[in-house]
Amino acid sequence: MPVSTMQTAMLPSLHLHPSSSRATWEPSSVLSPLLWALMYWFRKQTSSLQPLAFSCRDFANICNVVLMRYGELEEGIDVLDADGNLVGSSKIAARHALLETALTRVVLPMPILVLPPIVMSMLEKTALLQARPRLLLPVHSLVCLAAFGLALPLAISLFPQMSEIETSQLEPEIARATSSRTVVYNKGL
């Protein structure tokens with residue numbers, strides 16, 4: 001059986017770093033074949049790929065956050081007391097920040113994917129759009145633009161930019177370094 005270009009592109013790539021004698025796997029190269037295999041299996045189970053597309057989008061968003069901010073998980077993020085003084089660097093606060101950011105990224109596209117079909121199904125039944133079908137495209141564009149304008153502030157407002165966490169949940173050295181019951185950290189975007 002001949003190997004197609006798509007199948008060749010799906011193979012994981014192995015990279016050798018010049019300063020190291022060991023090979024490293026590119027994360028996207030490893031995830032791509034797994035997602036293709038999952039899509040192939042899911043296609044056999046059902047006729048629609050829409051639920052899988054949403055799941056894959058969410059999975060990709062979460063992987064993106066974790067891979068891009070992995071250094072924060074390793075080193076921690078700065079936590080501040082109520083006066084804004086640096087208390088220390090916390091890995092637990094970094095985990096909370098990444099979780100909040102990942103949830104924000106999962107929620108971000110939902111209004112864009114959900115609102116336009118609902119609003120357009122109602123608007124298409126109006127006498128104005130039935131009498132003037134040429135207005136359908138501009139109205140659809142405006143509805144999508146409004147959904148885009150609503151989605152970002154909605155998703156970003158889920159969690160405060162400066163989140164609070166109790167010192168009892170953090171590392172013991174941070175709890176000892178401050179008399180405050182809570183500290184704050186910047187969750188990032």
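Guide: What follows is a short chat about parts of this model.

Guide: This is a predicted model, where local features need pLDDT of at least 70, side-chain atom pairs count only at pLDDT 80 or more, and totals for chains, interfaces and linings use all residues. Residues are numbered from 1 along each chain as its sequence is written, and side-chain values use heavy atoms, with hydrogens and water left out.

Visitor: Which residues make up the largest nonpolar core?

Guide: The core has 12 residues in all: Ile77, Val79, Val87, Ile92, Ala93, Ala94, Ala97, Ile165, Leu170, Ile174, Val183 and Tyr185. A nonpolar core is a set of buried Ala, Val, Leu, Ile, Met, Phe, Trp, Tyr and Cys residues joined through side-chain atoms within 4.5 Å. Buried means under 20% relative accessible area, exposed over 50%, and partly exposed in between, with a 1.4 Å probe and protein chains only.

Visitor: Which element gives the largest share of this core?

Guide: α5 does, with four residues. Helices (H or I, at least four residues) and strands (E, at least two) are DSSP runs, numbered from the N terminus.

Visitor: And β3, what does that pair with?

Guide: β3 pairs with strand β4 (residues 86-90) in the antiparallel sense over four bridges. Two strands pair if DSSP finds at least two bridges between them. Aspartate 78 stands opposite serine 89 in β4. The two strands, β3 and β4, form a hairpin with five residues between them, and glycine 84 in the turn has a positive phi of about 90°.

Visitor: New topic. Is leucine 189 buried or exposed?

Guide: Leucine 189 counts as exposed because its relative accessibility is 59%. This leucine lies in the segment after β6. Leaving aside neighbours within four places in sequence, leucine 189 is in contact (heavy atoms within 4.5 Å) with Arg69, Thr101, Arg105 and Gln161.

Visitor: How far is leucine 189 from glutamate 100?

Guide: They are 89 residues apart in sequence and 9.1 Å apart in space, C-alpha to C-alpha.

Visitor: Last one: which residues of α8 are buried?

Guide: Val143, Ala147, Ala151 and Ala155 are the buried residues of α8. They sit on the same side of α8, because they cover an arc of only 80° around the axis. That arc is taken from the directions from the helix axis to the C-beta atoms. On the other side of α8, Leu142 and Leu145 are exposed.

Visitor: What do the buried ones pack against?

Guide: The buried residues of α8 pack against α5 and α6 (110-123).
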